[in-house]
Amino acid sequence: MITRSENAEQGLKRFVANCRRVGLKVTPQRTAVYKSLVESKEHPSAEMIWHRVREIMPNVSLDTVNRTLLTLAQIGSACMLEGSGEVRRYDGLDGPHQHFKCVKCKKVFDFHYKPYDDIKVPASIGKKFKVLRKSVYLEGICDSCEGKK
């Protein structure tokens, strides 16, 4: 497993740089959503982030949080995880890694398997499409749910 050990100050600097690169203002709402996401020890949904942000900004709407998370994903400050029929979850962890989701407890785990970092795109796809992102998302049953310790 990999950990979320990045210096918070470094992450915030990268977030600010990403916003400026695309011409977005660094608003208190965007900053609060970003901080809540990267401080999370899980892969939260928009609603989970909204509840956390409301503790410091009681008037922030769920719509604002949703739109902010989508924007963060578009500028590269977050990653959107979409699995099989569940709510959309987000990841603020930077750097190469993959995801495993337990279909029983619904937890999402980060892992890093270096060969997955450089997945080759088949030539037939490369000719028809411009690939912007490649990811690996595995589903199964985690050790805890399987009863292993």
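Author: A residue is called buried when its relative accessible area is under 20%, exposed when that area is over 50%, and partly exposed in between (1.4 Å probe, protein chains only). This is a predicted model, in which local features need pLDDT of at least 70, side-chain atom pairs count only at pLDDT 80 or more, and totals for chains, interfaces and linings use all residues. Residues are numbered from 1 along each chain as its sequence is written, and side-chain values use heavy atoms, with hydrogens and water left out.

Reader: What relative accessible area does R67 have?

Author: The value for R67 is 46%, so this residue is partly exposed. D63 is also partly exposed, because its relative accessibility is 44%.

Reader: In what kind of contact do the side chains of D63 and R67 meet?

Author: Side chains of opposite charge can pair when their charged atoms come close. The contact is a salt bridge (a side-chain nitrogen of Lys or Arg within 4 Å of a carboxyl oxygen of Asp or Glu). D63 and R67 meet in this way, at 2.8 Å from N to O. Both residues lie in helix 4, four residues apart, about one turn of the helix. Helices (H or I, at least four residues) and strands (E, at least two) are DSSP runs, numbered from the N terminus.

Reader: How many salt bridges does the structure hold?

Author: There are two salt bridges. One of them joins E42 and R52, with the closest N and O atoms 2.4 Å apart. This pair links distant parts of the chain, 10 residues apart: E42 is in the loop between helix 2 and helix 3, and R52 is in helix 3. E42 has a relative accessible area of 32% and is therefore partly exposed; R52, at 27%, also counts as partly exposed.

Reader: Which residues of helix 2 are buried?

Author: They are R30, T31, A32, V33, Y34, S36 and L37. The length of a helix may be checked against its expected span, 1.5 Å times one less than its number of residues. For the 12 residues of helix 2 this gives 16 Å, and the end C-alpha atoms are 16 Å apart, which agrees.

Reader: How is an aromatic pair described?

Author: One gives the distance of the ring centres and the angle of the planes. Rings of Phe, Tyr and Trp (its six-membered ring) pair if their centres lie within 6.5 Å; planes under 30 degrees apart are stacked, those over 60 are edge-to-face, and the rest are tilted. Here the count comes to four aromatic pairs. Among them is the stacked pair of F15 and Y34, with 4.6 Å between centres and 10° between planes. It links distant parts of the chain, 19 residues apart: F15 belongs to helix 1 (residues 8-21) and Y34 to helix 2 (residues 28-39). Both F15 and Y34 are buried. F100 and F109 form a tilted pair, 6.4 Å centre to centre with planes at 45°. F100 is partly exposed because its relative accessibility is 21%, and F109, at 24%, is partly exposed too.

Reader: Which residues do ring pairs link into a cluster?

Author: The cluster consists of F111, Y113 and Y116.

Reader: Where is I56 placed?

Author: I56 is in the loop between helix 3 (46-54) and helix 4 (62-75). Its relative accessibility is 62%, so I56 counts as exposed. The C-alpha atoms of I56 and A32 are separated by 8.3 Å, although the two residues are 24 apart along the chain.
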